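Here is a short report for a first look at a protein model. Please keep the sequence and the 3D view open as you read.

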Amino acid sequence: MTTDTGNRTAESGRKRGRSAGGVLVAATVAMGLIAGLFYAFACSIMPGLARSDDRVFVEVMQNINDVIQNPVFFLSFLGALLLTGISAWQLRGSPRVRAWVFAALAVYGLAFLLTVVVNIPLNDDLADAGNPATMADPASVREEFEDPWVAWNVVRAALCTLALGLLARALTLYGRPARQG
């Protein structure tokens, strides 16, 4: 009877371990997608748009801010946060791995907060500025938006890249057996 109970306990532990590993992988993938998105804006999209005239800049950013609000983006943006939090909870019995996941959660939480408190309000202000074709002064609209948005996006990109690295470290540790002795 003890053997049967021991087998069920071991099987349950293996299932939880596979689930925790799967969630950790999913969190890492979601984080990679978000880090890559912010990186792409930092190193190519915004520098490319910087070459545009004011009306084109405002119109393109308004369009990007409109179309990015879609289920695929929200799945990865919110998924990175939720999956990392779930992973930290699932790994409560593995302190050496969990610490890395908690660090990733804290770092991404800061990036998430910056997005909500800084970048989204800037996007909303840009949308509220109206149609770029009929704007009296698109240069001032651009000036209010561009520099702060770009600067904070670079911070978000760096934070998300750090969070991705922390999750990658957690995955590496998760895949290794604990050292004995």
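This is a predicted model: local features need pLDDT of at least 70, side-chain atom pairs count only at pLDDT 80 or more; totals for chains, interfaces and linings use all residues.

Residues are numbered from 1 along each chain as its sequence is written, and side-chain values use heavy atoms, with hydrogens and water left out.

**The chain**

The protein chain has five helices and zero strands. Helices here are DSSP runs of H or I with at least four residues, strands are runs of E with at least two, and both are numbered from the N terminus. The chain has 181 residues, and 34% of them count as buried. Buried means under 20% relative accessible area, exposed means over 50%, and partly exposed lies in between (1.4 Å probe, protein chains only). The accessible surface comes to about 10,300 Å². Carbon and sulfur atoms hold 63% of that surface. Areas come from the Shrake-Rupley method with a 1.4 Å probe; for residues, only the protein chains shown count as cover.

**Residues compared**

| Residue | Relative accessible area | Class |
|---|---|---|
| Phenylalanine 77 | 5% | buried |
| Arginine 142 | 8% | buried |
| Phenylalanine 112 | 17% | buried |
| Isoleucine 120 | 34% | partly exposed |

**The aromatic rings**

How many aromatic pairs does a search of the whole structure find? The search finds eight. In one of them, the rings of phenylalanine 77 and phenylalanine 112 have centres 4.6 Å apart and planes at 15°, so the pair is stacked. Phenylalanine 77 lies in helix α3 (residues 71-90) and phenylalanine 112 in helix α4, so the pair ties together parts 35 residues apart in sequence. Rings of Phe, Tyr and Trp (its six-membered ring) pair if their centres lie within 6.5 Å; planes under 30 degrees apart are stacked, over 60 edge-to-face, and the rest tilted.

**Arginine 142**

Arginine 142 is found in helix α5 (residues 138-174). Its side chain makes a polar contact of 3.1 Å with that of aspartate 54. Such a contact is a pair of N or O atoms within 3.5 Å; within protein, one must be able to donate a hydrogen and the other to accept it, and residues adjacent in sequence count only if both atoms are side-chain atoms. Leaving out residues up to four places away in sequence, arginine 142 touches residues including Leu49, Asp54 and Phe57. Contact means heavy atoms within 4.5 Å.
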